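This briefing sets out selected local features of the structure shown below. The points are grouped by topic for reference alongside the coordinates.

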Amino acid sequence: MIGSLSEFTDNGAVNAEKITSFEQYRRSIQDVEVITFDELYERACFIVEDR
């Protein structure tokens, strides 16, 4: 897990460079899934609500 989605904004605006850089890093890693804390939280909520 790496950081949160809020790290990809500057003064409330989405920073496309940061998102692109993160996505390139995420895709370059083999055999490990890289997700943010926010994405993990959303997955956990989905699992709990799905029961």
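This is a predicted model: local features need pLDDT of at least 70, side-chain atom pairs count only at pLDDT 80 or more; totals for chains, interfaces and linings use all residues.

**Structural briefing**

Phenylalanine 37 is found in helix H2.

- Threonine 36 is found in the loop between H1 and helix H2, the latter comprising residues 37-50.
- The relative accessibility of threonine 36 is 0%, so this residue counts as buried; the cut-off for that class is under 20%.
- Leaving aside residues up to four places away in sequence, threonine 36 touches Ile2, Gly3, Ser4, Leu5, Phe8 and Phe22.

- Helix H1 comprises residues 16-28, 13 residues in number.
- The N-terminal end of H1 is capped by asparagine 15. A side-chain oxygen of asparagine 15 lies 3.0 Å from the backbone nitrogen of glutamate 17.

**Salt bridges**

- Side chains of opposite charge can pair when their charged atoms come close.
- The structure holds 5 salt bridges, and Glu23, Arg26, Arg27 and Glu39 are linked in a network of such bridges.
- Glutamate 23 and arginine 26 meet through their side chains in a salt bridge, at 3.2 Å from N to O. Both residues lie in helix H1, 3 residues apart, about one turn of the helix.
- Glutamate 23 also forms a salt bridge with arginine 27, where the N to O distance is 3.8 Å. Because glutamate 23 and arginine 27 are 4 residues apart in helix H1, about one helical turn separates them.
- Glutamate 39 and arginine 26 meet in a salt bridge at 3.1 Å, N to O. This pair links distant parts of the chain, with glutamate 39 in helix H2 and arginine 26 in helix H1, 13 residues apart.

**Accessibility within the salt-bridge network**

- Glutamate 23 has 22% relative accessibility and therefore counts as partly exposed.
- Glutamate 39, at 22% relative accessibility, likewise counts as partly exposed.
- Arginine 27 is exposed, because its relative accessible area is 64% and the exposed class begins over 50%.

**Residues with positive phi**

- Asparagine 11 has a positive phi of about 55°, although it is not a glycine. Its place is in the loop between strand E1 (9-10) and strand E2 (13-14).
- A relative accessible area of 86% makes asparagine 11 exposed.
- Aspartate 31, which is not a glycine either, has a positive phi of about 65°. Aspartate 31 lies in the loop between H1 and H2.
- The relative accessible area of aspartate 31 is 81%, so this residue is exposed.

Conventions:
Residues are numbered from 1 along each chain as its sequence is written. Side-chain values use heavy atoms; hydrogens and water are left out. Helices (H or I, at least four residues) and strands (E, at least two) are DSSP runs, numbered from the N terminus. The expected span of a helix is 1.5 Å times one less than its number of residues. A polar contact is a pair of N or O atoms within 3.5 Å; within protein, one must be able to donate a hydrogen and the other to accept it, and residues adjacent in sequence count only if both atoms are side-chain atoms. Buried means under 20% relative accessible area, exposed over 50%, partly exposed in between (1.4 Å probe, protein chains only). Contact means heavy atoms within 4.5 Å. A salt bridge is a side-chain nitrogen of Lys or Arg within 4 Å of a carboxyl oxygen of Asp or Glu.
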